[in-house]
Amino acid sequence: MTHLVSVDDIRAARELLQDIVRTTPIEPCRPLSAKLGGQVWLKCENLQRAGAYKVRGAYTRIARLTDAERARGVVAASAGNHAQGVAVAATALDVTATVFMPVGAPLPKVAATKGYGASVQLIGANVDESLVAAKEFADATGAIFIHPFDHPDVIAGQGTVGLEILEQVPDVKTIITGIGGGGLISGVAVAVKALRPDVQIIGVQAAGAASFPPSLRAGHPVKLDQLNTIADGIAVLRPGDLTYQHVSKLVDEVVTVTDEEISRALLMLLERGKLVVEPAGGVGVAALLSGAAKVETPAVAILSGGNIDPLLMLRVIEHGLSLAGRFLRFTVRCADRPGQLASLLALIAEHRANIVDVAHQRHDPQLRLGEVAVALSVETRGSEHSDRLLSALKSNGYAVSA
């Protein structure tokens with residue numbers, strides 16, 4: 001068993017971070033509280049400096065380097081949040097930072113990392129490939145590699161989130177958070193289990209990037225063959241050796257959620273909580289909404305980051321609305337004669353659905369002579385409203401396909 005981080009390590013990290021990070025707010029979540037029948041709180045690390053909890057671990061690690069090590073500069077690999085945390089910490093400590101990011105990293109995260117003062121190199125299809133490039137850079141240049149999760153100082157820094165939760169919600173019974181490599185949940189579990197061993201710690205992974213469930217079954221870290229999720233911030237092929245030891249010993253359960261469930265959670269957080277959260281930051285809420293995690297209340301879900309690409313946000317909102325039955329796409333086949341389109345749109349308006357766009361297609365080989373296809377996107381008030389609209393169209397003789 002590898003030596004685990006201690007709660008004293010986390011307390012020391014908190015002293016170090018006192019003037020660097022903010023104690024993020026904790027907000028009540030009425031929709032989740034109503035669903036679970038008890039109080040649910042949201043720990044808003046999406047409002048942390050640089051938009052995520054990552055600066056806690058990055059600063060702790062870099063601040064503890066010797067002067068000689070700092071002079072060599074630091075290097076890191078990340079899909080975005082660790083990159084920004086390292087950039088902020090290095091600039092604050094007057095250390096040169098180079099960050100390797102996947103080629104497909106969200107552009108706002110790349111721009112923000114550069115803006116915080118780091119040099120960025122885009123290499124690799126995922127974080128694991130970027131990690132290889134960063135380690136090669138460290139070997140070639142002597143720069144100190146700052147691991148995104150698998151280092152005691154990083155875990156200790158992230159664990160300060162757990163100390164804050166215990167102070168903000170003293171009667172908490174469950175803490176739920178996302179897992180990528182495992183740094184955040186490892187630190188939170190150390191802090192919470194040392195002071196409140198009765199509190200349940202639940203981790204959540206995206207189903208398309210779930211390396212911990214097979215690893216826990218095997219008894220050692222297992223590497224996935226591929227990653228497929230919108231939650232880029234937790235898309236990690238393999239748990240860290242150190243974080244695996246912490247999770248296997250201290251975390252009570254690890255569950256998974258789908259990208260569809262993540263989309264629903266982000267939409268709820270935006271619409272009901274007025275909170276901008278990235279996919280990786282919303283997986284804990286997704287697990288509570290979907291029922292993937294059964295928890296005792298009071299419960300705290302950690303919103304680990306808010307750095308979402310606006311274009312992805314648009315897609316997530318549209319997808320979430322579709323899943324909720326509030327955004328409907330369908331095609332109507334009808335006769336190609338004057339006034340037919342006007343009659344169709346009038347029927348939709350009569351049922352109080354708002355038309356977003358219309359595409360009128362005559363030249364489709366699957367259409368019969370004298371027939372057109374009209375593709376529509378409409379906003380509705382929910383699944384029941386959508387069902388009533390489709391039924392009304394069919395009862396009026398229109399051939400409808402979703």
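Which exposed residues does the face of α16 turned away from its buried side carry? They are A342 and E350, where exposed means over 50% relative accessible area, buried under 20% and partly exposed in between (1.4 Å probe, protein chains only). The structure is a predicted model in which local features need pLDDT of at least 70 and side-chain atom pairs count only at pLDDT 80 or more, while totals for chains, interfaces and linings use all residues. Residues are numbered from 1 along each chain as its sequence is written, and side-chain values use heavy atoms, with hydrogens and water left out.

**Helix α16**

- Helix α16 spans residues 340-350; helices (H or I, at least four residues) and strands (E, at least two) are DSSP runs, numbered from the N terminus.
- Q340, L344, L347 and I348 are buried in this helix.
- Viewed down the axis of α16, the buried residues fall within an arc of 100°, so they line one face of the helix; the arc is that of the directions from the helix axis to the C-beta atoms.
- An α-helix has 3.6 residues a turn, so residues three or four places apart point the same way.
- The cover over the buried residues of α16 includes β11 (327-335), β12 (354-361), β13 (371-379) and α17 (383-395), with contact meaning heavy atoms within 4.5 Å.
- R352, which follows α16, has a positive phi, near 60°.

**Salt bridges: total and network**

- The whole structure contains 13 salt bridges, each defined as a side-chain nitrogen of Lys or Arg within 4 Å of a carboxyl oxygen of Asp or Glu.

**Salt bridges: individual pairs**

- R11 and D8 form a salt bridge through their side chains (3.3 Å, N to O).
- These two residues, R11 and D8, lie three residues apart in helix α1 (residues 7-17), and are therefore separated by about one helical turn.
- R11 is partly exposed, at a relative accessible area of 39%.
- K109 and D232 are joined by a side-chain salt bridge (3.2 Å, N to O).
- This pair connects distant parts of the chain, 123 residues apart: K109 belongs to helix α6 (residues 107-115), and D232 to the loop between α11 (212-218) and α12 (241-250).
- K109 is buried, its relative accessible area being 2%.
- Between R238 and D241, the side chains meet in a salt bridge at 2.9 Å, N to O.
- R238 is partly exposed at 30% relative accessibility, and D241 is likewise partly exposed, at 43%.
- Salt bridges with shared partners join K43, E45, R56 and E164 into one network.
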